[in-house]
Amino acid sequence: MTKTAKIVYTKTDEAPALATRSFLPIVEAFTKSSGIVIETKDISLAARILAAFPDFLSDDQKVSDALAELGELVKKPEANIIKLPNISASVPQLIAAIEELQAKGFKIPSYPEEAKDDAEKEIKLRYDKIKGSAVNPVLREGNSDRRAPKAVKNYAKKNPHSMGAWSPNSKTHVSTMSKGDFAHNEKSVTLDEATSINIVHTDAKGNKTNLKSDLALLQGEIIDATIMSKKALLEFLEEQVEDALDKSVLFSLHMKATMMKVSDPIIFGHAVRIFFKDLFDKHGKTFDKIGVDVNNGFGNLLEKLSELPEEKRDAIRADIRYELTHGADVAMVNSERGITNLHVPSDVIVDASMPAMIRTSGQMWNAEGKLQDTKAVIPDSSYAGVYSATIDFCKKNGAFDPTTMGTVPNVGLMAQKAEEYGSHDKTFEIASKGKVEVIDANGKVLLTHKVEAGDIWRMCQAKDAPIQDWVKLAVTRARASETPTVFWLDKKRAHDAELIKKVNTYLKDHDTEGLDIRILSLVDATNFTLKRLKEGKDTISVTGNVLRDYLTDLFPILEVGTSAKMLSIVPLMNGGGLFETGAGGSAPKHVQQFLAEDHLRWDSLGEFLALAVSLEHFAVVNANEKARILGETLDDASDKLLENKKGPSRNVNELDNRGSHFYLALYWAEAIANQSKDADLKAEFNTIFNALSSNEEAIVKELIDCQGESVNIDGYYLPNEELISNAMRPSAILNSIINS
Ligand SMILES: NC(=O)C1=CN([C@@H]2O[C@H](COP(=O)(O)OP(=O)(O)OC[C@H]3O[C@@H](n4cnc5c(N)ncnc54)[C@H](OP(=O)(O)O)[C@@H]3O)[C@@H](O)[C@H]2O)C=CC1
Ligand SMILES: O=C(O)CCC(=O)C(=O)O
Ligand SMILES: [Mg+2]
């Protein structure tokens with residue numbers, strides 16, 4: 001065993017970071033005697049901000065750039081990382097985090113929304129690297145393998161989550177563009193040889209601007225470029241607002257402004273301006289004057305209003321109220337606080353928001369706090385078909401039944417910033433009419449598009465090695481579970497057509513004898529999969545990066561109630577392992593509940609599953625038998641936790657996240673004490689198990705009695721370590737057992 005063998009545990013944000021304060025001490029205590037070092041790396045939004053501004057901080061305030069360190073580690077075979085969900089910050093969140101840090105004495109600069117000089121531009125550049133989905137793409141040096149473990153499926157079958165009924169008369173539908181969008185303008189090529197490209201904009205007068213220079217590309221790489229036409233987008237959005245009004249359904253916009261951090265905020269901004277068209281027609285000049293930027297949501301406008309004289313401000317507020325009552329109904333994020341779907345681009349994120357809606361009879365909350373049928377607006381049509389096909393299926397066949405439905409594991413092309421999710425550094429809002437070309441080192445034009453001012457142009461890459469690895473992973477999963485396997489690729493889409501050629505080539509590298517592997521277009525794949533799902537049959541989805549994200553929330557939320565219970569593995573291409581904890585996010589509303597009533601309903605099951613696989617990986621790489629036993633027994637403990645229903649409840653004064661950690665510890669200790677492969681572990685954990693089990697009642701009482709009052713942890717993005725640790729470890733008895 002090498003001395004440096006370790007498991008790296010990420011410290012992140014919000015609910016998962018709260019849970020870490022309770023669970024990590026248990027993990028450390030349980031693994032200590034087995035030669036496993038657990039190292040934490042702080043990649044929270046606050047830590048990432050501080051790491052970017054050492055020149056503004058005193059020596060004792062400086063933090064290392066943990067994300068960059070992990071970015072190096074994932075390329076090495078020894079990588080073994082537990083990755084918890086982190087905040088992908090929208091601009092309002094970024095600003096809130098900066099303000100909190102400034103208030104805590106960190107003299108970092110404010111976010112320059114409109115950078116005026118070179119110094120501000122440089123600061124903005126640093127912040128823009130932290131913005132949005134800045135963590136996962138750095139760590140994901142491998143493809144994605146996400147599935148619901150058998151125990152989780154069985155649990156859901158026996159204990160189905162609520163599932164809203166679907167009526168054939170539901171007015172809910174998806175609206176997406178039929179022309180002018182990314183899907184319809186896509187062009188794609190596969191490179192015969194390595195080259196380096198420039199992306200060049202030429203305006204109507206022939207003036208050239210390099211949007212990007214000397215981007216190195218590899219042989220065999222698929223590149224594609226496309227545009228979202230501003231004109232087509234605005235027309236589409238206007239029609240949808242009108243149609244929502246006509247049909248009396250909620251207008252609801254579903255974007256991925258976090259991951260698609262350049263394109264989607266622009267689209268979001270257009271949607272806000274079109275939804276509040278009369279307001280912008282009347283007050284647009286005023287809004288410009290006070291620097292309103294609704295790409296950061298309608299909330300930005302509301303905040304900036306405070307800069308106006310009272311009279312003017314009140315007049316505008318009255319106009320807003322008028323539009324909200326007389327215009328189309330808008331879906332609400334929080335009807336009590338008047339927060340609409342259009343307030344903050346990170347409040348409604350398509351991967352989680354569409355399945356939540358489908359689970360709720362296709363309805364969302366309206367301003368009165370009642371459920372209402374909805375128009376889900378997903379402007380680009382590349383992937384919207386999944387949701388419209390699913391909604392049509394539910395209208396026709398009724399809601400899915402968790403007690404009988406099958407499962408849809410996913411193998412996703414993700415490595416090395418594949419496809420759209422790696423495109424933000426090659427996405428541009430076009431300044432003027434002309435053309436954009438991708439030109440190789442020999443001056444050959446690879447891709448070209450005519451553009452108008454305001455169009456969004458973007459280029460994506462998918463490298464050959466990750467594609468080969470992805471095909472291999474798909475065949476491995478197909479073989480391991482003997483399940484029909486579908487590549488969701490549409491030969492009519494330019495990018496997919498290139499990808500299909502590679503899939504057909506690389507499938508030949510593997511023994512596929514007896515396997516059912518097909519390539520189907522997105523809508524055919526959806527219908528094929530849904531029909532089987534309803535019949536209780538399983539189907540592996542093999543998809544690109546965006547569908548990986550969408551489907552691994554959609555199916556888990558329908559099947560097991562949440563994607564938090566997914567096994568989410570990233571086998572790194574250089575041999576290491578990245579073990580993600582579930583497929584969901586950082587659940588901000590769980591923090592609100594925790595702060596209000598000291599009850600954390602976050603379910604760490606995904607973390608237990610991830611740790612078990614991480615321990616198994618550790619055992620193999622380091623020939624450490626104890627680690628193998630710890631991993632196996634941890635899985636046994638998770639099974640028992642499910643069986644005995646010791647997951648966190650949603651309601652205060654019942655078992656919460658901390659209580660579920662206690663039970664996990666109890667069952668884990670029991671399973672280790674019960675094994676007979678390692679006598680030392682058996683003896684050690686016999687003592688621990690006895691201590692935990694004889695104090696069960698007292699510990700659970702402490703973990704429930706502490707609830708009910710509000711909690712102060714002094715901050716949201718950088719809470720006080722001592723306060724948070726005390727809050728998350730309220731049982732003196734449990735602490736003394738774990739600490740000893
Ligand atoms: N891997 C990552 O790092 C990811 C990060 N994110 C980031 O997370 C933030 C929030 O994203 P959002 O789209 O709201 O998605 P979330 O997955 O955080 O939230 C959606 C809902 O899912 C349920 N949920 C999620 N995780 C758990 C859990 N462990 N236990 C119980 N319920 C859970 C909750 O629903 P309910 O309360 O109804 O049970 C929650 O409100 C954003 O900043 C986003 O970018 C998002 C996805 C992945
Ligand atoms: O990194 C992010 O912003 C979100 C990631 C995500 O949603 C996923 O991987 O499922
Ligand atoms: Mg997701």
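Helices (H or I, at least four residues) are DSSP runs, numbered from the N terminus. This is a predicted model, in which local features need pLDDT of at least 70, side-chain atom pairs count only at pLDDT 80 or more, and totals for chains, interfaces and linings use all residues. Residues are numbered from 1 along each chain as its sequence is written, while chains are lettered from A and ligands numbered from 1 in the order in which they are written.

**View 1. Helix α25 meets helix α27.** Here the axes (lines fitted to C-alpha atoms over the stretch in contact) of α25 (residues 696-705) and α27 (residues 732-739) come within 8 Å and cross at roughly 120 degrees, with angles running from 0 to 180 degrees between N-to-C directions. That makes the pair oblique, the class left over once angles under 35 degrees (roughly parallel), over 145 (roughly antiparallel) and 65 to 115 (roughly perpendicular) are set aside. Look for A698, I699 and E702 of α25 and A732, I733 and L734 of α27, which make the contact; being in contact takes C-beta atoms, placed from the backbone, within 7 Å.

**View 2. The surroundings of ligand 1.** Ligand 1 has 21 residues around it, and the closest are S88, A564, G584, G585 and D603. A residue belongs here if its C-beta atom, placed from the backbone, lies within 6 Å.

**View 3. The residues around ligand 2.** You will find S88, S133, N136, T258, M259, D351, D549, T552 and A583 here.

**View 4. Two assigned domains.** An automatic or database assignment gives domain 1 (1-90 + 132-141 + 572-740) and domain 2 (183-228 + 423-459). Their C-alpha centres lie 44 Å apart. The model scores ipTM 0.98 and pTM 0.97.

Definitions and conventions
Helices (H or I, at least four residues) and strands (E, at least two) are DSSP runs, numbered from the N terminus. Two residues are in contact if their C-beta atoms, placed from the backbone, lie within 7 Å.
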